[in-house]
Amino acid sequence: MNHLLSLILFTPLVGAAVLMFVNKRSENAIRWIANLFAMAGFLVSLPLWFYYDDKNPSWQFVEQAAWIPSIGADYHLGVDGFAVLLLLLTTMMGAIAILSSWTAITERVKEFYIFLLILQTGMIGAFVSLDFLLFFLFWEVMLVPMYFLIGIWGSDRRLYSAIKFFLYTLTGSVVMLLGILALYFNYTDPQTGLHTFDIVQFQQHGFDTSLQWWVFLAFFLGFAIKVPMFPFHTWLPDAHTDAPTAGSVILAAVLLKMGTYGFIRFSLPILPDATRAFVPMIATLSIIGIVYGALVAMAQRDWKRLVAYSSVSHMALVMLGMFALNPVGIKGSIIQQINHGISTGALFLLVGVVYERRHTREISEYGGLSKVMPVYAAIFCVMMLSSIGLPALNGFIGEFLILQGIFTVSKIWAAFAATGIVLGAAYMLWLYQRTMFGKIENPKNEHLPDLNFREVMTFVPLIILAVWIGIYPTPFLNRLNTSVDRVIARVSPQYLQQNASGTPADCGQKPAASKWQVAPCGPDQAASPATAPAGTVPADQPTKVEPKNIPAGGTAPSHEPGKAMPPATAAAAPAKPVGGR
Amino acid sequence: MDLIWLIPLLPGLGAAVNGIFGIRYFSKRTAGVLACTTMAIALGLSLTAFVQLLGLSPEARVHDVVLFDWFPRTALEMAGGRIGSLHIPWAFRLDPLSSMMILIVTGIGFLIHVYSIGYMHDEPRGGVARYFSYLNLFCFFMLTLVLGANYLVMFVGWEGVGLCSYLLIGYWYEKKSAADAGKKAFIFNRVGDWGFLLGVFLIYFTFGSFDFREVANAAATLPVETAQFGTLSLITLLLFVGATGKSAQIPLYVWLPDAMEGPTPVSALIHAATMVTAGVYMVGRNAVLFTHAPMTMEIVAIVGVLTAVMAASIGLVQTDIKRVLAYSTVSQLGYMFVAMGVGAFAAGAFHLMTHAFFKALLFLCSGAVIHGMAGEQNMLKMGGLRKHLPITFWTMMIGTFAIAGMPPLSGFFSKDEILYKAFLSNKAIWGLAAFAALMTAFYMYRLMSLTFFGPYRGAAWETAGDGHGGGHGDDAGHGGHAAWHGPHEAPKSMTFALVVLAVGAVLAGLVGIPAALGGGNAIEHFLAPSFEASHGALTAGGTGHAGTGVGTEAGATTYSGAATHTEPATAPGAAAFVPAEGGAEISKAFELGLMAFSVLLGIIGIAVAYRFYVRSPEIAARLEQRLSGPHRVLTNKYYVDELYDATVITGTMASANGLWTFDRHVVDGAVNGSGWMTIFSSWFSGIIDKYLVDGLVNLVGSVLQESSFVFRRLQTGLIQNYALLMLFGVFAFVSIYLLLVRSL
C-alpha cells in the first residue's frame with residue numbers, strides 16, 4: 001500500500017505511453033486500451049475508499065522522496081478526506097468520460113485518448129501533491145491537454161475558446177506562483193534550516209498577517225479563475241460550449257474543483273487570518289455568482305451554455321459554503337463539489353448524447369424528445385432533479401448544509417443565496433420542458449434512437465451515487481471529519497475551544513479526543529494510530545489551548561495546534577463577520 | 001407500530017417497479033393492480049398502527065421509529081455563539097395527527113388508485129404504468145411528509161409531492177398547457193420552499209434541533225411574542241410562506257387552478273385531498289410555535305379568510321367543471337388556515353379530513369362526468385346528465401351538500417366548528433368566512449345545476465365522430481374511443497370509489513360532533529396531544545418543561561384553552577384565559593344559533609343557485625349582462641395571472657436577458673478587451689521593435705554595410721591593387737609632407 005498514490009497517479013500516464021506505440025489506424029484497439037486503463041485507474045483508486053481511516057487526523061498514504069533537494073522540493077504525496085473524495089470523483093469521471101467518447105470521436109482518435117489520459121494524471125497529481133512545487137507542476141500539466149482537447153476536437157469557435165481558456169488560466173496561475181514563492185521565501189524548515197515547499201509545514205505555520213493578505217490575493221486570482229467565480233467566469237461557458245463532450249465532462253466535474261480545492265487546501269489553512277478578513281468579499285462575489293449565473297442561464301438558447309452557466313451558479317454556492325468557515329458549511333461545500341461533479345457531469349453527458357445524434361446544441365431544435373427517447377428523458381429527469389437539489393437526491397445534501405452553514409454567519413446572505421433554489425428550478429425545468437416535453441415539431445427528431453447499452457452504463461454509476469449520497473451521505477461526510485477539523489482549527493478555532501472541554505495541545509498526547517479537537521500532526525507522527533473513540537476526552541489532557549509562541553525557526557517540530565492558530569481567537573473574533581448576530 | 005416506515009416504503013417500491021420495469025413490460029392491468037396492492041397493504045398497516053395507537057393512553061400516543069442517520073452529527077454555531085450539533089436521522093413518528101393523516105392518504109389514495117384503473121383505461125400501455133408509478137411515488141412522498149419526525153424528513157416529502165405533482169400535471173406532456181402548468185406548480189412551490197427552508201434554518205439556529213417535539217418543547221418555554229415581532233414570529237412566518245406555496249394561499253395560489261391540466265384522479269388525490277393540505281398539516285404540526293407567535297397567527301387567519309373569499313368569488317363564474325372545484329379547494333384551504341390562525345388547530349385538521357372526503361368525491365364525480373362526456377369539461381355544454389349518470393349524480397349531490405355544510409353531513413360539523421372558533425376570535429374574520437360559505441353553497445349548486453339539471457346542451461352523439469372531444473380535450477385518453485355513444489355512467493371500478501367516498505362524506509363528521517349538540521368531539525380530544533408541547537417523559541433528553549416563568553405558564557394554559565374553545569391569538573397570557581373559558585360556557589345557546597345561521601346561509605346559497613340555474617336560467621343571463629364589469633373581473637380571476645406575468649415573469653426574463661447581454665459585452669468584453677489590448681500592445685511593440693529598436697540595429701548594420709561597400713572595393717586581394725594602393729599611399733604621404741612642410 002505504500003505506493004498506492006503513485007500507482008493511481010501513473011496508471012493513466014502509462015496508458016498514454018502505451019497508446020503511443022499503437023498504430024493510429026487501429027482505432028478500436030486504441031479505444032479498448034484507453035478504456036481499460038481508465039477503468040484500471042478507477043479500480044486502483046478504490047482501495048482509498050476502503051482503507052482511508054476516517055478517524056486518523058493525519059495525512060494518509062504518504063509517500064515522500066527527494067525531488068529537487070537543492071531548492072527543498074520533494075516528491076511528496078498524501079491524502080486527506082477532501083482529496084480522497086475528489087480523487088475518486090476524478091478517476092470515476094475520467095473513466096466515464098473516456099467511455100462516453102467511443103463513437104463521438106472519430107478523428108485523431110489516438111491523440112484524443114492520449115491527451116485525456118495525460119489530463120487524468122495531471123488532475124490526480126494536483127489532488128495528491130503535498131509539495132507546492134509538485135502541485136504547481138501538475139496544475140500546469142492539466143492545461144496543455146485540455147487546450148488541445150478543446151482546440152482540436154471542439155466545435156465552432158474552438159480555437160478562440162481554447163486560447164481563452166489557456167491564457168486566462170495561465171494568467172491566474174502565474175500570479176499564484178508568485179504567491180507560492182512568497183510563502184517559500186518566508187518560511188524555513190526548522191529541521192533543515194532550508195526553504196521548503198512542504199504544504200504540511202505551511203499549514204502549521206503562522207505567517208505574517210500582511211504577507212497572508214498579499215498571498216491570499218495572489219491565490220485568489222489563481223483559484224477564483226479556475227472555480228470560476230464571478231466576474232472571472234466568462235472563459236467557462238466558451239470552453240464548455242466548444243469542448244467535446246468528454247472535455248466538458250472533465251472540465252465541469254473535476255477541473256473546476258481545482259479552484260475550490262485550492263481554496264480549501266491552501267488559502268484557508270495556510271492563510272487563516274486573511275481568509276477571515278476576506279469572507280465578506282468572497283461571500284458577496286459568491287452570492288452575485290449564484291443569482292447572476294442562474295439568471296444568465298435562464299436566458300440561454302444553447303443547451304450546453306445553459307448548463308455551463310448553471311455551473312457558475314453552483315460553484316458560487318460551493319464557495320459560499322466554504323467561506324462560512326464552520327464545519328457544516330465546509331462539509332456541505334465539499335459534498336456539493338462531489339454532487340456538482342455528478343450532476344453537471346451527467347448533464348454534459350446528456351447534451352453530448354443528443355449532440356452526437358443531431359450535431360446541434362440549440363434548445364429550439366429539440367422538443368418532445370421524451371416520446372422517442374423515454375430512457376434518456378428519465379435519466380435527464382433524475383439528473384435535473386439532482387441538480388436543482390431535490391431532497392433525497394445528492395444535490396440537496398450539499399445545498400442544505402451550505403445554506404445552514406452560511407445562515408449561522410449571516411441570515412441575509414442565506415436568504416439571498418437561497419433564491420438560487422428557486423431560479424435553479426426555473427431554468428432547469430424550463431430547459432426540460434423545451435427539450436423533452438411538447439410535440440415533436442422538428443422532423444429530424446422523429447427517429448432519434450434512445451440510449452444504447454454503453455450510453456446507459458455511463459449514467460448508471462452517477463444515478464446510483466446521486467441516490468446514495470442523497471439518502472445516506474454519512475460515509476461521505478464522515479470521511480471529511482478530520483480534514484474539516486484541520487481546516488477549522490486554523491480558521492475558526494472557537495469551535496475547538498467551546499466544544500472540547502479539553503483539547504490536547506500537542507501530538508505527543510496523540511489520541512484524538514473529542515470530535516472537534518484536532519491535532520494537525522506531521523506525517524512523521526502519523527505512525528501512531530489514533531484509537532480513542534470520538535467523543536471521549538482522556539482525563540490527563542490539558543484543559544486549555546494555549547497559543548505557544550514558539551518562533552518559526554525554533555527547534556521544536558511545529559506540531560502544536562496552539563501554534564497552528566496564530567495569535568488566535570482574539571484576532572479571529574473581530575474579523576469574523578457578524579451579520580448573523 | 002414499528003413497521004410504520006413500511007407505510008411510505010411500499011408505494012415507493014411500487015413506484016420503482018412500475019417505473020423501471022412496468023413501462024416496458026407490464027400490461028395495463030398488472031401495473032394498476034400492483035399499484036393498488038401496495039396501497040392496500042399500506043392502508044392495512046396504517047389501520048393496524050392506528051388501532052395500536054388508540055390502545056395506548058392519550059399521553060403515551062407517540063411512537064418513534066428511527067431508521068438511520070441522514071446527516072451525521074456536525075458542530076454548528078447557534079444563536080448566542082453556543083455550539084450546537086446538527087444531526088438529522090431518518091425518523092418517523094406516529095402520533096394522533098400523523099395517524100389521522102396516514103389514514104386519509106392511504107385510504108383515499110387507495111380508492112383513487114382503484115378509480116384510476118377505470119379512468120386511465122384508454123391510455124396506452126406504457127402510459128398507464130408511468131401514471132401508476134407517479135401516483136405511487138406521490139403516496140410515498142406524501143406519507144413521508146406526514147410521518148416525518150423532523151423538519152428535514154418532512155421536507156423530503158414536501159418537495160417530493162411537489163415533484164410528483166409536477167410529473168402528474170404534466171402527464172400529457174405533449175400538450176403545452178399541461179407542461180406549462182406543471183412547471184408553474186413546481187416553481188410556485190419552490191418560492192414557498194424558499195421561505196420554509198429559511199424557517200428551518202432559523203429553527204436550528206434558535207433551538208439547535210430539527211425534531212418537531214424537541215423544538216416544540218423548547219419553544220414552549222419561551223415567552224409568547226405578543227408585543228414584538230420576535231424570532232418565533234419570524235420562524236412561523238417563514239414556515240407559513242412555505243404553506244402558502246404548498247396549500248395555494250394568497251399570494252402563491254395561482255398554480256392550483258392551472259394544475260387541473262392533469263388527469264382528474266390526480267386532481268382529486270393531490271390537488272384536493274392530500275398534497276395541498278400539507279401546508280395546513282405543517283402549521284398544525286408546529287402548533288406550539290404558532291401559538292407563541294400571535295402576530296403570525298393573525299396573518300395566517302387573515303390570509304386564510306381572504307383566500308377563502310377571493311377563490312370562492314372566482315368560483316362563482318367559472319364554466320370549467322374542474323376549475324370550479326379547484327377554486328373551491330383553494331377556498332376551503334383558506335378555511336383551514338382560518339382555523340389554524342384562530343388557534344383552532346383541531347378544527348382545522350378536522351376540516352382537512354372531511355374536506356378530503358367530500359372534495360375527493362366531488363373531483364372523482366367530475367371525472368366520471370368528464371369520462372362520460374368524452375373529455376368535455378365545459379359545464380355550458382352539459383346539462384341534464386342526471387338521467388345518464390345516476391350514481392355520479394347522487395354521490396355528487398352528497399358531496400355538494402357536504403361542502404355546503406348541510407347537517408348531518410361531514411362538512412357541516414367541521415365548517416361549523418371553524419366558524420364558531422372564528423366568531424370567538426374575530427368577528428370580521430367570521431363575517432368574511434360566513435360570506436365565503438354562502439358563496440360556496442351557491443357555486444356548488446350552480447355546478448350541479450349546470451351539469452345535471454336542465455336540458456342537454458352538449459354535442460349530439462349520433463354525429464359524435466366529429467363532435468366529440470369538445471374544446472378542451474383534456475382527458476386525451478378518450479381520443480382512443482372509437483365512437484362516443486353519448487353520456488354514460490362510469491365503469492364499476494370508478495363508481496365503487498364514488499360510493500365509498502360518499503359514505504365517508506356522510507359519516508366522517510360523526511367523529512367531531514361538538515359538545516353543543518351532545519357529541520364528544522372525539523377528534524379534538526384525540527388530536528389535542530399533537531398540538532401541545534409534551535410534558536416531560538415522552539422525549540428523553542428533550543428540553544421538556546424545565547424552564548419556568550411566564551412563558552411556560554402562558555404556553556401551557558393556551559393549549560388547554562384551545563381545547564376548550566379559547567382563542568390563543570387574543571388570549572396571550574394566563575390573565576385573558578379565564579374570562580374566555582367563562583364565555584364559552586355562556587355561549588352554548590349562542591353556539592346553536594350560530595350553527596343555525598350557517599346552515600341558513602348554505603340553504604340560501606343553494607336556493608339562489610336553484611332559482612338562477614334550474615328554475616329560471618334567464619335571471620343568471622340577465623345578471624351577467626347587467627354586472628358585466630365585475631363578471632369580467634371574476635372570469636379573468638382578478639387578473640392575478642396577468643399581474644404575475646407583467647411583473648415577476650417579465651421582470652425575471654428581462655433581467656435574465658439583460659444580464660446575459662451584460663455578461664457578453666461587459667464582463668466578457670473586459671476579458672476580450674484585455675486580450676485585444678495585449679494584441680494591440682504586442683502589435684505596437686512589434687512596430688517599435690521593427691522600426692525603432694530593430695531600426696537602430698539595422699541602421700548600425702546598414703551604415704557599416706554601406707561603408708563596407710566602399711572599403712570592400714579596396715580589399716580585392718590582388719597584389720597589383722595593393723601595390724597600386726601602396727604607391728598611392730606613398731604618393732599621398734609624400735605629397736602631404738611636401739605640402740605641409742613647404743607651407744610651414
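**A look around the model**

Modeller: Let's start with B:Leu364. Leaving out residues up to four places away in sequence, B:Leu364 touches B:Tyr115, B:Pro265, B:Ala268, B:Ala497, B:Leu498 and B:Leu501. Bear in mind that this is a predicted model.

Biologist: Which residues touch the most other members of the largest nonpolar core?

Modeller: B:Leu364 is one of them.

Biologist: Switching to helices. How far apart are the end C-alpha atoms of α18 in chain B?

Modeller: They are 37 Å apart. The helix runs over residues 427-452, so it has 26 residues. At 1.5 Å a residue it should span 38 Å, and the model agrees with that.

Biologist: Is α18(B) mostly covered or mostly open?

Modeller: Mostly covered. Of its 26 residues, 21 are buried.

Biologist: And what follows α18(B)?

Modeller: B:Gly454 follows α18(B), and its phi is positive, near 70°.

Biologist: Over to chain A. How many helices and strands does it have?

Modeller: Chain A has 22 helices and two strands.

Biologist: How do β1 and β2 of chain A pair?

Modeller: In the antiparallel sense, over six bridges. β1(A) covers residues 60-68 and β2(A) covers residues 73-79. A:Gln60 has A:Val79 in β2(A) as its bridge partner. The hairpin has four residues between the strands, and there A:Gly72 takes a positive phi near 75°.

Biologist: How much of chain A is buried?

Modeller: Buried residues make up 62% of its 581 residues. Among contacts between residues at least 6 apart in sequence, 78% join residues at least 24 apart.

Biologist: Pick one residue. Is A:Ala294 buried or exposed?

Modeller: Buried. It has 28 other C-beta atoms within 10 Å, and 20 or more is the cut-off, so it counts as buried. A:Ala294 lies in helix α11 of chain A.

Biologist: What does A:Ala294 touch?

Modeller: Not counting residues up to four places away in sequence, A:Ala294 touches A:Ser313, A:Gly420, A:Leu423, A:Gly424 and A:Tyr427. A:Asp54 is 240 residues from A:Ala294 along the chain, and their C-alpha atoms are separated by 36 Å.

Biologist: Now the two chains together. How many residues are in contact?

Modeller: 44 residues of chain A are in contact with 40 residues of chain B. On chain A's side, α11, α13, α16, α17, α19 and α20 each supply at least two residues. The largest share, 11 residues, comes from α17(A).

Biologist: What classes of residue make up that side of chain A?

Modeller: It has 28 nonpolar, 14 polar and two charged residues.

Biologist: Last topic, confidence. What are the scores?

Modeller: The model scores ipTM 0.83 and pTM 0.85. Chain A has a mean pLDDT of 84, and 85% of its residues reach 70 or more. Residues 500-581 of chain A are below 50, though this stretch has 160 contacts in the model beyond near neighbours in sequence.

Biologist: Where is confidence lowest and highest in chain B?

Modeller: Lowest in helix α22 (residues 550-563), at a mean of 37. Highest in helix α8 (residues 231-246), at 94. The pLDDT is also below 50 over residues 463-481 of chain B and over residues 535-584 of chain B.

Conventions. Residues are numbered from 1 along each chain as its sequence is written. Chains are lettered from A and ligands numbered from 1 in the order in which they are written. This is a predicted model: local features need pLDDT of at least 70, side-chain atom pairs count only at pLDDT 80 or more; totals for chains, interfaces and linings use all residues. The expected span of a helix is 1.5 Å times one less than its number of residues. A residue is buried if 20 or more other C-beta atoms lie within 10 Å of its own, exposed if 12 or fewer, and partly exposed in between; C-beta atoms are placed from the backbone. A nonpolar core is a set of buried Ala, Val, Leu, Ile, Met, Phe, Trp, Tyr and Cys residues joined through C-beta atoms within 7 Å. Two residues are in contact if their C-beta atoms, placed from the backbone, lie within 7 Å. Two strands pair if DSSP finds at least two bridges between them. Ala, Val, Leu, Ile, Met, Phe, Trp, Tyr, Cys and Pro count as nonpolar, Asp, Glu, Lys and Arg as charged, and the others, Gly among them, as polar. pLDDT is the predictor's confidence in each residue, from 0 to 100.
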